[in-house]
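My notes are below the display.

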Amino acid sequence: MIPILWALTFGIFCLQCLLSHAGVSRSAAVVTAFIMKTDQVPFEEAYIKLQAVKPDIKINEEFVNQLKLYEAMGCEVDITSAIYKQYRLQKVTEKYPELRNLPREVFALDPTRLGKTNEDLYRCRKCSRSLFRGSSVLSHESGNGPTAFAHKRTAQTAGGIHTNCTSYFIEPVQWMEPALLGVLDGQLLCPKCNSKLGSFNWYGERCSCARWVTPAFQIHKNRVDEVKLLHLPSVRNTNS
C-alpha cells in the first residue's frame, strides 16, 4: 500500500516528528491528510492551513501526488478504486523496471478460478472463456493524449466530443502473467483459443478517445462479450 495511505489506514501520526526540524515532508503529509479528512477540505487548502502553523514544511512531490489521489478518492482509502489501481500500476513500473518478480497483488484473480460472482463478466467472443470481471475495468476520462502524439489525435466532432473508447483498459489478470513478465509490450491473447484480444504496454498506450493511459492493458471491445448479472426481484411465498 502507498506509504501515506498506509499511515492513514492505521492511524499513525508522527506529530512529535512534525514539531521537530525533521518533520518537513512525511509527517507533514500525514497531518495534511488528517486535516483534509476531518475538515473535508481539498489538499491545497489543508496544506495552506498547516503551513500557517509550521511555515518551514515542504511536502515532496511524491507525497503531493498521493495526497491528490487521496482527495480524488473522497478522502477514503479505497484499494478497489480504479484510480488507486492505476496509480499502483504506475508505481510498479518504477519499482520493478525489469518487470520481473512482480508482487502477486498486481494481478487480478482469474475469473475461472472463482465460484459464483456478483459482478459482470467479460468473455472471449470466440470461445466464451471468462477473461476479467467488471471490477478490473479501469475507467478514464476522454482526453487529448500527450502533445507528442498530436498528429495522431482522433478528430473531434462538431460538438467537440471525441470518439468513444473502442477498448477496455483493465488491470492485469492472472492469466496474463506469462506474457507480461520481463516484456515491455506485446499482444494479449486468449489463454484458451489463442485469438488476439488486445495489447499491453507498461509505458502506456493511446486510447481511441485520445487519452494516454499508463501502463496500458487494453482489450478490444469487439473481441469480448459482456455478460451482465441480472438482479431478479425476490419472489414471496404466497402459500398460506
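These entries cover a helix first, then salt bridges.

I worked on a predicted model, where local features need pLDDT of at least 70, side-chain atom pairs count only at pLDDT 80 or more, and totals for chains, interfaces and linings use all residues. Residues are numbered from 1 along each chain as its sequence is written, and side-chain values use heavy atoms, with hydrogens and water left out.

**Helix α5**

I took helices (H or I, at least four residues) and strands (E, at least two) as DSSP runs, numbered from the N terminus. I checked the length of α5, residues 61-72. The expected span is 1.5 Å times one less than the number of residues. For these twelve residues that should be 16 Å, and the end C-alpha atoms are 16 Å apart, which agrees. At the N-terminal end I found Asn60 as the cap, with a side-chain oxygen 3.2 Å from the backbone nitrogen of Glu62. After α5 comes Gly74, with a positive phi near 75°.

**Salt bridges**

I searched for a side-chain nitrogen of Lys or Arg within 4 Å of a carboxyl oxygen of Asp or Glu. The whole structure gave twelve salt bridges. Arg133 pairs with Glu119 at 3.2 Å, N to O. Arg133 lies in strand β2 and Glu119 in the loop between α6 and β1, 14 residues apart. I called residues buried under 20% relative accessible area, exposed over 50%, and partly exposed in between (1.4 Å probe, protein chains only). Arg133 is buried at 15%; Glu119 is partly exposed at 23%. I also noted Arg125 with Asp225 at 2.8 Å, N to O. This pair is 100 residues apart. Finally, I saw Glu62, Lys91 and Glu94 linked in a network.

Definitions and conventions. Polar contact = N/O pair within 3.5 Å; in protein donor to acceptor, adjacent residues only side chain to side chain.
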